[in-house]
Amino acid sequence: MSVQVAAPAVELKELGGPRDKGAAAPSRPAEPGLGVAGAPCPLPAPAGEREAAAPGPGCGAERPPVSGCPGLPAAGLPPGAAKVPQASAMKRSDPHHPQHRHRDGGDGGGGGAGREALVSPDGTVTEAPRTVKKIQFADQKQEFNKRPTKIGRRSLSRSISQSSTDSYSSAASYTDSSDDETSPRDKQQKNSKGSSDFCVKNIKQAEFGRREIEIAEQEMPALMALRKRAQGEKPLAGAKIVGCTHITAQTAVLMETLGALGAQCRWAACNIYSTLNEVAAALAESGFPVFAWKGESEDDFWWCIDRCVNVEGWQPNMILDDGGDLTHWIYKKYPNMFKKIKGIVEESVTGVHRLYQLSKAGKLCVPAMNVNDSVTKQKFDNLYCCRESILDGLKRTTDMMFGGKQVVVCGYGEVGKGCCAALKAMGSIVYVTEIDPICALQACMDGFRLVKLNEVIRQVDIVITCTGNKNVVTREHLDRMKNSCIVCNMGHSNTEIDVASLRTPELTWERVRSQVDHVIWPDGKRIVLLAEGRLLNLSCSTVPTFVLSITATTQALALIELYNAPEGRYKQDVYLLPKKMDEYVASLHLPTFDAHLTELTDEQAKYLGLNKNGPFKPNYYRY
């Protein structure tokens, strides 16, 4: 380390390690108490570095330190050097010009020979004066001592900005690469209560997850109101709910609400990419048996579901599913469990299709509630949620600009409507494919061109699927796409894009960033595949918490209804949520907007043939 001293500023070179000699060290103005130049006391190099470092040219075997500042060379002047008469004689037009620099023995710097010399206008060579005081850099020393031996994929901002020292150690564990090397299934973890009935990425992330849950609670007024109103009654006392949904902060608020209403819960993830590891850790720390982490393999996915279901001394009597995988697993592995299960609550298009298939085949042996087709789910979660989250997911993964881009959206249901509206508002040219003539007519009336996928596949910049079907985008379509076309899915299942057909020897997969892959053809053409064809918004971004509050409240009320329904009210079939409950969920969210409902008079209610308190629409009404 070489310290150049020149009043009134100081230049520090090679602090903490070797630097490019061509780069000028930054200057720093003098500060009170730092002496003439404000030069800090450099930290000693680690022992291994001291032993390995070779002395530069002209470097002596020993360098006696200046008293009070170990590590700095002695301040003696070269023999015959005159004292500097005044500060004006020390000024130089270019301190780095070779004609104005003198080092006795070269740039190696040892003892007095390695210090900067000054040339006065009359040609006299002198050494810069030096006044050094002992300085303690506690924060800087602490940072060096804390530096980890394995950096991994940590955020640089954590080490650069130390806003709070108490969060430093926890932040290190939050993104430590060692977590990525070991499967959670191979770890032995316990929460603060000593329980190990969970499997998450890192239980030490619980504090971060708790903060996210607390933020989500502020945007989920209906669930919090339901928790407050029904907590005393405990309408789910005795309920043993096994769930398989996206594990996010919003799901955590739902789970804790179910717990507050008296239920016992065990949970797994319905998507291998959507789990928030810190939220899963917070739930496990709170005592919820959670088996999920982001980036599960297919084997991990089914293993986690099995750990939720197959546990000694505990059997579920309610199912909350998203996609039908949990229901399918129980039917396949533990069919006898349905003897004690009172009902199934399903919230996705894919899962509802599976339930209707079971019902049609006469294999559905318990009542099921179709939350997906409830008004509050269709109109709010599917439409408004996707209208905002589609742009967020695309922007985070591709950094693209939407204006002028040609986009084809496959499917014009509520999800498709939300995606098209958002992209159109951003200036994109949007095409729609649809099989239903009613939805197709809606697309045309909304100003979108209805096409077949084959007609535009060569020219579009983005392909988005949101049908709930399979093989919507086939290998033939993928082969014909233009270079750098972006392909993604907004439907629940990963079956809409034929990703399996891309895993062939002639195609090269290149990971660009998390959830973003280039699939490269032999001729150099590439497509950009997002989340490997899985749900884009929950895999690559986030979704609006307020909208999820509507869906989560609907799920909670459906569980309460099925669990408390008298025997015989619901048969072994698929049911829609009663209209009255839909209206109740909506009413719980109105206070957020300071909204005031108009009330019917007795005369008006009689004229319409309605109850003043609802329901206000018949079941066949289309919103």
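How are helix 8 and helix 19 oriented to each other, roughly parallel or roughly antiparallel? Helix 8 and helix 19 are roughly parallel to each other, a label given to angles under 35 degrees, whereas angles over 145 count as roughly antiparallel, 65 to 115 as roughly perpendicular and the rest as oblique. The legends below treat a predicted model, in which local features need pLDDT of at least 70, side-chain atom pairs count only at pLDDT 80 or more, and totals for chains, interfaces and linings use all residues. Residues are numbered from 1 along each chain as its sequence is written, and side-chain values use heavy atoms, with hydrogens and water left out.

**Figure 1. Overview of the protein chain.** The protein chain contains 21 helices and 20 strands; helices (H or I, at least four residues) and strands (E, at least two) are DSSP runs, numbered from the N terminus. Of its 623 residues, 47% count as buried, where buried means under 20% relative accessible area, exposed over 50% and partly exposed in between (1.4 Å probe, protein chains only). Among the contacts in the protein chain with a separation of 6 or more, 67% are between residues 24 or more positions apart. Contact means heavy atoms within 4.5 Å.

**Figure 2. Helix 19, a mostly covered helix.** Helix 19 comprises residues 545-564, 20 residues in total. From its first C-alpha to its last, helix 19 reaches 28 Å, close to the 28 Å expected at 1.5 Å a residue; the expected span is 1.5 Å times one less than the number of residues. Of the 20 residues of helix 19, 19 are buried.

**Figure 3. Helix 8 beside helix 19.** The axes of helix 8 (residues 249-260) and helix 19 come within 10 Å and cross at roughly 30°. Axes are lines fitted to C-alpha atoms, for helices over the stretch in contact, and angles run from 0 to 180 degrees between N-to-C directions. The crossing of helix 8 and helix 19 is right-handed; a crossing is right-handed if the near helix is turned clockwise from the far one by less than a right angle, and left-handed if anticlockwise. Helix 8 contributes Gln-250, Leu-254 and Leu-258 to the contact, and helix 19 contributes Thr-545, Leu-548, Ala-552, Gln-555, Ala-556 and Leu-559. By class, this contact of helix 8 with helix 19 has 6 nonpolar, 3 polar and no charged residues. Ala, Val, Leu, Ile, Met, Phe, Trp, Tyr, Cys and Pro count as nonpolar, Asp, Glu, Lys and Arg as charged, and the others, Gly among them, as polar.

**Figure 4. Helix 7 against helix 19.** Helix 7 (residues 221-230) packs with helix 19 at an angle of about 35°, their axes lying 7 Å apart. Pro-221, Ala-222, Leu-223 and Leu-226 of helix 7 meet Phe-546, Ser-549, Ala-552, Thr-553, Ala-556 and Leu-557 of helix 19. The contact of helix 7 with helix 19 has 8 nonpolar, 2 polar and no charged residues.

**Figure 5. Helix 20 across helix 19.** Helix 19 and helix 20 (residues 579-589) pack at an angle of about 140°, with axes 10 Å apart, and are therefore oblique to each other. Their crossing is right-handed. On the side of helix 19, the residues in contact are Phe-546, Ser-549, Ile-550, Thr-553, Thr-554, Leu-557 and Glu-561; on that of helix 20, they are Met-581, Tyr-584, Val-585, Leu-588 and His-589. By class, the contact of helix 19 with helix 20 has 7 nonpolar, 4 polar and 1 charged residues.

**Figure 6. Helix 12 and its surroundings.** Helix 12 (residues 349-360) has 12 residues, which should span 16 Å at 1.5 Å a residue, and its end C-alpha atoms are 16 Å apart, in agreement. Thr-350, Gly-351, Val-352 and Leu-355 of helix 12 are buried. The buried residues of helix 12 pack against helix 11 (325-333), strand 10 (343-346), strand 11 (368-370) and strand 20 (574-576). Gly-362, with a positive phi near 75°, follows helix 12.

**Figure 7. Backbone details in loops and segments.** Most residues other than glycine have a negative phi, and most peptide bonds are trans. Ser-484, in the loop between helix 17 (475-480) and strand 16 (485-489), has a positive phi near 70° and is partly exposed, with a relative accessible area of 41%. Gln-515, in the loop between strand 17 (508-513) and strand 18 (516-520), has a positive phi of about 70° and counts as buried at 8% relative accessibility. A cis peptide bond, with omega about 0°, joins Gly-614 and Pro-615; Pro-615 lies in the segment after helix 21 (602-608).
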